[in-house]
Amino acid sequence: MGGPHGSHISASILNADFASLGTEVERAADGGVDSIHLDVMDGHFVDNLTMGPVVVGAVRPRTGLPFHAHLMISNPLAYAERFAEAGSDLIVFHVEADDDPAAVIAEVERAGRRPGIALNPETDASAVLPWLERIDLLLVMTVHPGWGGQAFLDDVLPKMRALRDEIDRRGLDVPIGVDGGVNLETIGRAHAAGGEVMVVGSGLYSNDGDLTPTVAALRAAAHARDSDANAERT
Ligand code: DX5
Ligand code: ZN
């Protein structure tokens with residue numbers, strides 16, 4: 001799932017101009033991002049309400065890029081099909097939600113889409129271990145879900161590294177997504193800890209106009225320490 005240069009940049013539209021979401025989706029796509037991340041909140045799982053399937057469907061025609069629906073909702077089982085029909089390619093639900101992960105995964109697959117699991121900063125890595133063979137993305141939250149523009153929680157990095165090592169130990173091809181507070185200053189640490197699908201909201205949409213330079217800078221910042229890391233390994 002990595003982008004052309006390793007890191008995959010996924011634009012979270014939560015901090016985009018909601019009065020012009022279609023244009024904002026196109027702006028991210030034209031800027032060279034690899035996917036669009038749609039933050040769905042139900043006002044119950046998190047204390048905020050954002051968008052439903054109707055919004056996903058409204059912006060779907062504006063780009064051919066993959067849509068990652070991040071369901072911060074208590075009952076993903078009831079909505080998986082509707083988000084699939086609205087045009088989501090990857091449907092990420094929270095392991096902390098009310099529904100049984102096996103049932104949600106089966107429902108997403110029945111709808112012909114790919115499942116992902118997200119875990120909150122305070123949730124132990126052990127909670128997602130039973131599902132690693134069944135998912136196409138493991139979304140590691142680096143903020144407490146509910147809002148964009150929060151500070152990156154570095155305390156999550158050891159858990160991210162441990163999950164990357166476990167996925168590698170099992171020989172699985174499951175990318176780790178990093179969600180919350182990812183920007184030019186934090187993306188290098190996220191990449192070094194095993195993050196690959198970098199969700200960027202305010203770090204992207206705080207910029208006006210053409211996003212190409214910002215996306216390029218994010219990719220470069222993601223890999224800035226690769227040479228040091230490789231040198232350490234040799
Ligand atoms: C938080 C969302 C994240 C976040 C991304 O609940 O899941 O996608 O808003 O936005 P930034 O990059 O501004 O943290
Ligand atoms: Zn998200």
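Trainee: Which residues touch the most other members of the largest nonpolar core?
Mentor: Bear in mind that this is a predicted model, where local features need pLDDT of at least 70, side-chain atom pairs count only at pLDDT 80 or more, and totals for chains, interfaces and linings use all residues. Residues are numbered from 1 along each chain as written, chains are lettered from A and ligands numbered from 1 in written order, and side-chain values use heavy atoms, with hydrogens and water left out. A nonpolar core is a set of buried Ala, Val, Leu, Ile, Met, Phe, Trp, Tyr and Cys residues joined through side-chain atoms within 4.5 Å, and buried means under 20% relative accessible area with a 1.4 Å probe, protein chains only. In this core of 61 residues, those touching the most other members are Ile13, Val33, Ile36, Leu138 and Leu204.

Trainee: What does valine 33 contact, leaving aside neighbours within four places in sequence?
Mentor: Contact here means heavy atoms within 4.5 Å. On that basis, valine 33 meets Ile9, Ala11, Ala28, Leu65, Leu204, Val215 and Arg219.

Trainee: How many residues are in the second, separate core?
Mentor: Leu90, Ala118, Val143 and Val199 are among its members. The size of that core is 9 residues.

Trainee: Which arrangement do the donor atoms make around the zinc ion (ligand 2)?
Mentor: Donors are N, O and S atoms within 2.8 Å of the metal (3.2 Å for Na, K and Ca), with water not among the atoms, so sites may look incomplete. Here His37 (NE2), Asp39 (OD), His70 (ND1) and Asp179 (OD) coordinate zinc at 2.1 to 2.2 Å. Six donors count as octahedral if opposite ones are over 155 degrees apart and all others between 65 and 115. The 6 donor atoms subtend angles of 72 to 175°, so the arrangement is octahedral.

Trainee: How far apart in sequence are the parts tied together by aspartate 39 and histidine 70?
Mentor: Both residues are buried. Strands are DSSP runs (E, at least two residues), numbered from the N terminus. Aspartate 39 sits in strand E2 (residues 35-41) and histidine 70 in strand E3 (residues 67-72), so the pair links parts whose separation is 31 residues.

Trainee: Is serine 10 buried or exposed?
Mentor: Serine 10 is in strand E1 (residues 8-12). Not counting residues up to four places away, serine 10 touches Ser35, Ile36, His37, His68, Val197, Met198, Val199 and Val200. Its relative accessibility is 0%, so serine 10 counts as buried.

Technical notes
Four donors count as tetrahedral if all angles lie between 85 and 135 degrees; four count as square planar and six as octahedral if opposite donors are over 155 degrees apart and all others between 65 and 115; anything else is irregular. Helices (H or I, at least four residues) and strands (E, at least two) are DSSP runs, numbered from the N terminus. Buried means under 20% relative accessible area, exposed over 50%, partly exposed in between (1.4 Å probe, protein chains only).
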